[in-house]
Amino acid sequence: MSNVIQLLPPHVANQIAAGEVVQRPASVIKELIENAIDAGATQIQVIIKEAGRELIQVIDNGKGMGETDARMSFERHATSKIHSTEDIFKILTKGFRGEALASIAAIAQVELKTKIPEDELGTEIHIQGGKIKSQEHCVTPTGTSIAVKNLFFNVPARRNFLKSNAVEFRHIIDEFHHVVLAHPDLEFKLEHNDEQIFHLPSTTSAQRILHVFGKKMEGKLIPVKEETDVVKIEGFIAKPEIAKKSRGEQFFFINQRFIRSGYLHKAILQAFENLIPKNYHPSYFLFLKIPPEKIDINIHPTKTEVKFEDEFAIFAQLRAAVRFAIGQAQLSPALDFEQGEWEIPILDKEKEIATPNIDVNKNYNPFLEEKNWSTPPSFSSSKSKSFGDSKKYNFLEFQKINNEQKSFDYEDASEAFENQKIFQWQKSYICVLHQGKLFILDQNRVHQTILYQKLSGLKNKNALSQQLLFPVEILVDTKVKSKIEETESLWFRFGFDFTFQGKTLLVSAIPADISQEHVPEIFEAFFYAENIEESIQFETTLAKLMAKAAAIRKGTELSTEEMLNLCHDFFQLKDFVYSPFGKKNFHLLDAEIIKKLLE
């Protein structure tokens, strides 16, 4: 049998390695900025075009490289960061594997200019697809400038899998945030398509957070500081009022390296217990210093995963430090022991305890019309219009009630409703009695479903819009602004109109069905919605959020006519069993179910 195992050529091996190290343009920026920091740079400039597809250039004023080092830096596993196996367990630099430049050069056209202080001339190298095309002397300042052009030019399949420029730019912003927050003492600039996005001077951690995330963080940060033999903790947590349902402003740094840790995130959540609603996430910017021999960062090429020697101790101390900071800021609910005498109810032993009298109306029937019901003011015209014509109740026959393969006859439903066999319970549920069965509808979810399907049916039509006398102002950061600009036409189609004034979004028109007070809620929920990157996901998400904001709230009292109109519109929908967020809209009770419940 002939030999079939062969050694891969270096350029093929580099392209395979690039798949792990270079996943998208943001990966390139991360690696190049980290190299600049390791080189001792105090000023780092990042220039990108077309979200990194055409150009990624990083210029630094670090110590630079000599002629030999410049060429060697593009070889696989060539590094100045470690020299032996023992060095892996005490790493303090950003990089150490020696894979990044080789991987980047394998799938792009790279131009390197670098010079060390003692040399008069620098070195210029051109590489294409991992092959050196030229190397010569050049005039360049001390430091390094590396330009990566036409990323994935020789791997078209990888290039085709890149997302839109707006999506890739947001990933770049994420990686940029990770680095600039970890190094507030360094000066950073970011330029995209000849527009300066960031200019961050050397400053303190608190000021860097404000420069990056804007005025919304002003006055909202609480300092955290703790030091033990195991870990040193510094940084900031944000006040509970700005906690969000989605993640996005949670940052852990270990030895000035950004990491992701669901385990440590739980420690923060436990510290905020009873201060924020369930499923909300607080914002935090926490910097941990741990002896390098106590952690292992050599787990994944991205170096964002870390293993701890004693993770339980770090968990406990992190939770305690955050709780102490919260207590110092007087955010925790506390008892006032200085209020004087406590009023404690005491039973009078001399008085006989009497059994309370309860009057029960044995003839009460909840399914009969209540004559003394008060009729609240009608909804605004924008909402009542969506209920339909109250004089017509031509309900459809529908299938799969409560996930069962059933059909229900609604031909005489109008007669049932005209006899007022409908009422509201706890100002949250609509109860409809028909053919011996009781339907209990969640009025909020029912209205959500009606509005969502109405918005989804717009397709290329434009929704009705209402001009605002005074625009709604919403503070945004660079990442959010990019997301809104990408989906601008979608917002306009749904009835919104807005402009940007610096980092402030000015909303001047909103859809007819939306109240002005709900506008910030819709935009913020859209900003931080997770796992949406495609246009169809944007449209679906926005329609859901608008329906949720405009729907009748639980606790709203409805008149009989309003309930009739709501049910009429609801049962004419094609799909009505579940709400836009996948929750059941109604529940069906019949005699058999009641009988089983009472057994």
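Is Lys479 buried, partly exposed or exposed? Lys479 counts as partly exposed, because its relative accessibility is 26%; buried means under 20% relative accessible area, exposed means over 50%, and partly exposed lies in between (1.4 Å probe, protein chains only). The model is a predicted one, in which local features need pLDDT of at least 70 and side-chain atom pairs count only at pLDDT 80 or more, while totals for chains, interfaces and linings use all residues. Residues are numbered from 1 along each chain as its sequence is written, and side-chain values use heavy atoms, with hydrogens and water left out.

- Helix α6 covers residues 165–182; helices are DSSP runs of H or I with at least four residues, strands are runs of E with at least two, and both are numbered from the N terminus.
- The 18 residues of helix α6 reach 26 Å from the first C-alpha to the last, close to the 26 Å expected at 1.5 Å a residue; the expected span is 1.5 Å times one less than the number of residues.
- Helix α6 is mostly covered, with 15 of its 18 residues buried.
- Asp174 forms a salt bridge with Lys479, and their closest N and O atoms are 2.6 Å apart; a salt bridge is a side-chain nitrogen of Lys or Arg within 4 Å of a carboxyl oxygen of Asp or Glu.
- This pair links distant parts of the chain, as Asp174 is in helix α6 and Lys479 is in helix α13 (residues 478–486), 305 residues apart.
- Asp174 counts as partly exposed because its relative accessible area is 23%.

**Other salt bridges**

- Side chains of opposite charge can pair when their charged atoms come close.
- By the salt-bridge rule, the count comes to 16.
- Asp513 and Lys454 meet through their side chains in a salt bridge of 3.1 Å, N to O.
- Asp513 lies in the loop between β23 (504–511) and α15 (519–527) and Lys454 in helix α12 (residues 443–456), so this pair ties together parts that are 59 residues apart in sequence.
- Lys454 has a relative accessible area of 45% and is therefore partly exposed.
- The side chains of Glu521 and Arg553 also meet in a salt bridge, at 3.8 Å from N to O.
- Here too distant parts of the chain are linked: Glu521 is in helix α15, and Arg553 is in the loop between α16 (535–550) and α17 (560–571), 32 residues apart.
- Glu521 is partly exposed at 38% relative accessibility, and Arg553 is partly exposed at 33%.
- A network of salt bridges links Lys30, Glu31 and Glu34.

- Lys215 lies in the loop between α7 (205–213) and β9 (221–227).
- Lys215 is exposed because its relative accessible area is 64%.
- Lys215 and Val476 are 261 residues apart along the chain, and their C-alpha atoms are separated by 9.0 Å.
- Gln45 belongs to strand β1 (residues 43–49) and is partly exposed at 26% relative accessibility.
- From C-alpha to C-alpha, Gln45 and Glu187 are 8.4 Å apart in space, although 142 residues separate them in sequence.

**Glu67**

- Glu67 is found in helix α3 (residues 67–72).
- At 41% relative accessibility, Glu67 is partly exposed.
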